Each structure stands twice: as structure tokens, then as C-alpha cells.
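Q: Could we work through this structure together, with the general idea of each feature given before the particular case?

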Amino acid sequence: MRALAALGLAALLTIPTATFAADHQVLMLNKDTDGRPMQFEPAFLKVEPGDTVTFIAQDKGHNTEAIAGKLPDGAVTWKGKINEEITVTFDVAGFYAYKCLPHYSLGMVGLIQVGTPGAPDATLADGAPGKGKTRLLELIAEAQEQ
Ligand SMILES: [Cu+2]
């Protein structure tokens, strides 16, 4: 009887996390609100494990895709087509760096923090080209200030 009650309580406790997983939105833009060309907004985003992020093609000519090797171990990667609005679920805690393929070297990159993994490592920006690297380092610094 007591075991059954415990099971019932466990079921009650697990339901809210599934019910209240949030969806966040990231815009793909030709210019962000600070005037930077070719950007995701917000470019740095914090979510909880199980949350989703929908990438919205507000302007044309962009995509979103994970940067290979710049995700937590065991995380699911993603790759959207140009102009494709996609929703990605983030289950594994850690930092995820992503890019717009056509504008990677122009600085169109983003960083998503899932859960509370501690401070991000600057090596997340290693191998990124041109302004892609500069912008990723800015986002990593922003995450380190949290
Ligand atoms: Cu782009």
C-alpha cells in the first residue's frame, strides 16, 4: 500500500516537467536589433532540458545547423534547410554552438545553454571562420557572465 502511494506520488512529480517544457523562438535575420548584419536573435539563449527551440525564418536565405563537435556528448544534432523553420528539442545539458551555413564566416552563429552546465569553454569557437569565431567568442563571454 505504501509502495503504491509512493508510485502515485512519483507519477505526479514527473508529470509537471513534461507538461511545462517551454518552446523558445530564435529569429533568423538579415539585421538584428543592434544593427549587426546576418544574425540569430537572441544569439545566446538559456533553456531547460526538454525545452524546444523553434528557429524562425523571418528573413530569407538562412538556415540553422549544429556545428559538428560543438555539442555535448550524446546530444542530438540538427541541420535545417535554407528558409526552413525547424523545432529542435534539447534534452542533454551543456552548450550547443550552431551556425547559418551561408553566413558562418560573416558571424551568423548562436549559442544555446541547456540546464546549468557551468561556464562554457572558449574552445567552442575553435575552427570557426572569420567573424563566426569573433561572434562565438562574444557569446561564450556572455554565457560566462551568467
Ligand atoms: Cu544566414
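**Salt bridges, a metal site and a hairpin**

A: Arg 135 and Glu 138 form a salt bridge in which the closest N and O atoms are 2.7 Å apart, a salt bridge being a side-chain nitrogen of Lys or Arg within 4 Å of a carboxyl oxygen of Asp or Glu. Before going further, note that this is a predicted model, in which local features need pLDDT of at least 70 and side-chain atom pairs count only at pLDDT 80 or more, while totals for chains, interfaces and linings use all residues. Residues are numbered from 1 along each chain as its sequence is written, and side-chain values use heavy atoms, with hydrogens and water left out.

Q: Is Arg 135 buried or exposed?

A: Buried means under 20% relative accessible area, exposed over 50%, and partly exposed in between (1.4 Å probe, protein chains only). Arg 135 counts as buried because its relative accessibility is 9%, whereas Glu 138, with a relative accessible area of 39%, is partly exposed.

Q: How many salt bridges does a search of the whole structure find?

A: The search finds 4 salt bridges. One of them joins Glu 65 to Lys 99, with the closest N and O atoms 3.9 Å apart. Glu 65 lies in strand S5 (residues 65-66) and Lys 99 in strand S7 (residues 94-99), so the pair ties together parts that are 34 residues apart in sequence. Glu 65 is buried, with a relative accessible area of 7%, and Lys 99 is buried as well, at 13%.

Q: What else surrounds Glu 65?

A: Contact means heavy atoms within 4.5 Å. Leaving aside residues up to four places away in sequence, Glu 65 touches Trp 78, Lys 79, Gly 80, Tyr 98, Lys 99 and Leu 101.

Q: Which residues are linked in a network of salt bridges?

A: The network links Asp 32, Asp 34 and Arg 36. Within this group, Arg 36 forms a salt bridge with Asp 32, the closest N and O atoms being 2.7 Å apart; Arg 36 is partly exposed at 29% relative accessibility, while Asp 32 is buried at 9%.

Q: In which sense do strands S1 and S2 pair?

A: Two strands pair if DSSP finds at least two bridges between them. Strand S1 (residues 23-31) and strand S2 (residues 37-41) pair in the antiparallel sense over 4 bridges, and Leu 29 has Gln 39 as its bridge partner in S2. The two strands form a hairpin with 5 residues between them, and Gly 35 in the turn has a positive phi of about 85 degrees.

Q: Which residues coordinate the copper ion, and what arrangement do the donor atoms make?

A: Donors are N, O and S atoms within 2.8 Å of the metal (3.2 Å for Na, K and Ca), and since water is not among the atoms, sites may look incomplete. Here the copper ion is coordinated by His 62 (ND1), Cys 100 (SG), His 103 (ND1) and Met 108 (SD), at 2.0 to 2.4 Å. Four donors count as tetrahedral if all angles lie between 85 and 135 degrees; the 4 donor atoms here subtend angles of 90 to 133 degrees, and the arrangement is therefore tetrahedral. The donor residues are spaced H-x37-C-x2-H-x4-M in sequence. Among them, His 103 counts as buried at 12% relative accessibility, and Met 108 is buried at 0%.

Conventions:
Tetrahedral: all angles 85-135°; square planar, octahedral: opposite > 155°, others 65-115°.
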